[in-house]
Amino acid sequence: MGMFIVMEGIDGAGKSTQAKLLAEWFEEQGYETVLTKEPTDTAFGKLIRRLVLTGGREGIIDGARISHEAEALLFAADRAEHVHKLIKPSVEAGKVVISDRYFYSSLAYQWARGLDLGWLVDLNRFAIRPDLTVLLDLPVKESMKRINGRSIKTEFDKIAELQKKVRENYLQLAKRFPEVRIVNALADVEDIHNDIVALVEHEVLKK
Ligand SMILES: Nc1ncnc2c1ncn2[C@@H]1O[C@H](COP(=O)(O)OP(=O)(O)OP(=O)(O)O)[C@@H](O)[C@H]1O
Ligand SMILES: [Mg+2]
């Protein structure tokens, strides 16, 4: 059996940066590694990008052009394909799978939009639990500095408000799901990477 590790956190927390570094670290250790993400690059993921995450990130603010429930179902459909076609087979083949976002994102963001958390949890029950979920936590002000330029100024306050709620939700989820471990994402890229490696060694490789 391989391993399954997930990176989570608000927009700009450093998920993609750290997922890539961790995948490189595993490769160096001699593990066959699969670096993946959600939404995926499949037809479902593309549909999500078109309907939900369209330019100007308006979807992040108001749920875009489809209902919140439809959005949640689309993300779950994309995830079902991801789990059955890539994550499960790869883990069963002994590989290390690292996913940039997973069902925790659906819970944190869609709960923030007002959907019922219990319904979201039930909807995602098929999604196999990772061995470790790294929650990159940092203040919204800092994350928005990092991704400054990705959004237009008039949207700034609205985005910040939602991101604050999402951050709080992630911290709540860390209490509910024991595999979620909080990492301080305010540090330097290298220091965060070392913290994540230490967690992996301690929690997953049980060194
Ligand atoms: N520890 C850090 N300190 C300062 N800047 C960082 C740090 N980690 C990442 N960055 C920079 O912040 C920006 C956002 O990082 P990254 O793309 O990894 O975040 P993300 O969580 O994947 O964002 P998104 O949710 O939008 O995909 C990038 O420009 C990246 O180079
Ligand atoms: Mg990213």
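1. Helices α1 (15-28) and α9 (189-204) each supply at least two residues of the shell around ligand 1. Helices are DSSP runs of H or I, at least four residues, and strands are runs of E, at least two, numbered from the N terminus. The largest share of the shell, three residues, comes from α1.

2. This is a predicted model: local features need pLDDT of at least 70, side-chain atom pairs count only at pLDDT 80 or more, and totals for chains, interfaces and linings use all residues. Residues are numbered from 1 along each chain as its sequence is written, while chains are lettered from A and ligands numbered from 1 in the order in which they are written.

3. Which residues come nearest to ligand 1? They are G14, K15, S16, T17 and R146, out of 13 around ligand 1. A residue counts as near if its C-beta atom, placed from the backbone, lies within 6 Å.

4. Now the sheet. Five strands form an open sheet, ordered β2-β3-β1-β4-β5, with parallel pairing. Strands pair if DSSP finds at least two bridges between them. The edge strands, β2 (33-37) and β5 (180-184), each pair on one side only.

5. β2 pairs with β3 (residues 96-100) in the parallel sense over five bridges. The bridge partner of T36 in β3 is S99.

6. Two helices meet residue by residue. In α5, Y104, L107, A108, Y109, W111 and A112 meet L162, K165, V166, N169, Y170 and L173 in α8. Contact requires C-beta atoms, placed from the backbone, within 7 Å.
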